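This note is meant for a colleague who is meeting the structure for the first time. The points below take up helix packing and then the sheets.

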Amino acid sequence: MPLITVGVNHKTAPVSIRERVAFAPEKMIDALSSLISENKANEAVIVSTCNRTELYCSVEDFSKVDEVIAWLGKYHGIALPELQQYCYTHADDESVRHVMRVASGLDSLILGEPQILGQVKSAYAVSQEGSCIGPELESLFQRTFSVAKRVRTDTAIGENPVSIAFAAVSLAQRIFADIRNSTALLIGAGQTIELVARHLKENGIKRIIVANRTLARAQVLADELNAEAIMLGEIGDYLSQADIVISSTASQLPIIGKGMVERATSQRRHSPMLLIDIAVPRDIEPEVDEVNDAYLYTVDDLHSVIEENVRARQDAAKAAEQMIEEGVDSYRRVVESRKVSDLIVTFRQSAEAIKNTELEKALKGLEMGQSPEQVLNKLAHGLMNKLIHAPTRYLRDAGADADQDALIIASNVLGIYEEKDN
């Protein structure tokens, strides 16, 4: 059955549209069931994230794509003309190629981001739970997961950080061989610092201290991550305890000065301290870089790292695209092989029916007293006539049409080869 994809993503639609076509996780099975019960699709998987909503469907024919778009608009209460201007569609090989690129992170806002593969796997699992997936999409998604795993394993598509928060944590990991024994002081409580904190937590850092102008805001983040919350005015008391300092506030004046860092490194007995200033204007005085055992990096340093990493990911993406094409070809061979298998089964069933019919005639002939020789001759003659009937008719029609290609194919299929003159 044909495969189609209907979608809206960060490339085609603003967030105001994407949020309107998003599916709540708790309603996903109901949505899938609605899509199938209304005869829009035979099988379906819906991937819904902040950056995309995509419907992967096995359908009776390609004309169903318009019905799927109409269903999406109706389900979310969006007028069809409005939805259509943001929608894209893919069919068959393009649909296969698209889902493989999505799962591999090649279609993401951040090239190579790893979260999308887990989100696609979750969507597949939900469809399984709702009994909305069958042999067509089962085969497609299993092949997709295999290709995405290969892309992750055999390329560097996801190895290099391309966000400020991730790059900051990556830099810390380079300088401290094992951050699981380190303490981080995070200054600010905005989105960037929150992402930094989560990355540090995921990498098993021993201790996190969050400093903010408003203690309540720092406490919210600290509670989420089992960290400590302090006021900006207390930084001087805690700085010596920090191996890693990452700052991102909206302050117009520096929060950490050279003298404060000198006192802290002295108390640390000159144990190295990494300071990463990702604020604009800067939170840490540039002169801090002159302090022995203090290593200061700014947002510009991180941007240069990110640019290098983006280029590395783009190079890896070229290799990944080749793997995607191989995956599409591999999936297509599986589909075509399955079609041939069905044809072989039908052919064998037809031959089996002919055999049984002729065998039944032979047994009746024996019961009626006919000689075994006579029965065997009739059996052989009957089998031959019925088995060669369809090929003979095909050959005659091809000959009448002077269709040499058809005659050559038939000769190969039937194992008939003309002897060539010596």
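**Note on helix packing and sheet arrangement**

1. Helix 9 (residues 191-202) and helix 10 (residues 215-225) have axes that come within 11 Å and cross at roughly 25 degrees. Axes here are lines fitted to C-alpha atoms, for helices over the stretch in contact, and angles run from 0 to 180 degrees between N-to-C directions. Helix 9 is therefore roughly parallel to helix 10; angles under 35 degrees count as roughly parallel, over 145 as roughly antiparallel, 65 to 115 as roughly perpendicular and the rest as oblique. The crossing of these two helices is right-handed. A crossing is called right-handed if the near helix is turned clockwise from the far one by less than a right angle, and left-handed if anticlockwise.

2. The model is a predicted one, in which local features need pLDDT of at least 70 and side-chain atom pairs count only at pLDDT 80 or more, while totals for chains, interfaces and linings use all residues. Residues are numbered from 1 along each chain as its sequence is written, and side-chain values use heavy atoms, with hydrogens and water left out. Helices (H or I, at least four residues) and strands (E, at least two) are DSSP runs, numbered from the N terminus.

3. Contact means heavy atoms within 4.5 Å. Ala, Val, Leu, Ile, Met, Phe, Trp, Tyr, Cys and Pro count as nonpolar, Asp, Glu, Lys and Arg as charged, and the others, Gly among them, as polar.

4. Helix 14 (residues 372-400) and helix 15 (residues 404-414) have axes that come within 9 Å and cross at roughly 155 degrees. Helix 14 is therefore roughly antiparallel to helix 15, and their crossing is left-handed. On the side of helix 14, the contact involves Pro-391, Tyr-394, Leu-395, Ala-398 and Gly-399, which meet Ala-406, Leu-407, Ala-410 and Leu-414 of helix 15. The contact residues divide into eight nonpolar, one polar and no charged.

5. Helix 5 (residues 93-103) packs against helix 7 (residues 135-154) at an angle of about 45 degrees, with the axes 9 Å apart. The two helices are therefore oblique to each other, and helix 5 passes helix 7 in a right-handed crossing. Helix 5 supplies Val-96, Val-99, Met-100 and Ala-103, and helix 7 supplies Leu-140, Phe-141, Arg-143, Thr-144, Val-147 and Ala-148. The classes here are eight nonpolar, one polar and one charged.

6. Which order do the strands of the six-stranded open sheet follow? The order is 7-6-5-8-9-10, and the pairing is parallel; two strands pair if DSSP finds at least two bridges between them. Strand 7 (228-231) and strand 10 (294-298) stand at the edges with a single partner strand each, so one side of each has no neighbour in the sheet. From one strand to the next, the twist averages 20 degrees. Strand 5 (residues 183-187) pairs with strand 6 (residues 207-212) in the parallel sense over five bridges; Thr-183 has Arg-207 in strand 6 as its bridge partner.

7. Helix 8 (residues 164-175) touches strand 8 (244-247), strand 9 (273-277) and strand 10, and its direction makes about 165 degrees with that of strand 9. Helix 10 touches strand 6 and strand 7, and its direction makes about 165 degrees with that of strand 7.

8. An open sheet of four strands, with antiparallel pairing, has the order 2-3-1-4. Strand 2 (43-48) and strand 4 (88-91) are at the edges, each with a single partner strand, so one side of each is left without a neighbour in the sheet. Strand 2 and strand 3 (residues 52-58) are joined by a hairpin through three residues and pair over six bridges. Ser-48 has Thr-53 as its bridge partner in strand 3, and Ala-44 has Cys-57.

9. Strand 3 also pairs with strand 1 in the antiparallel sense, over seven bridges.
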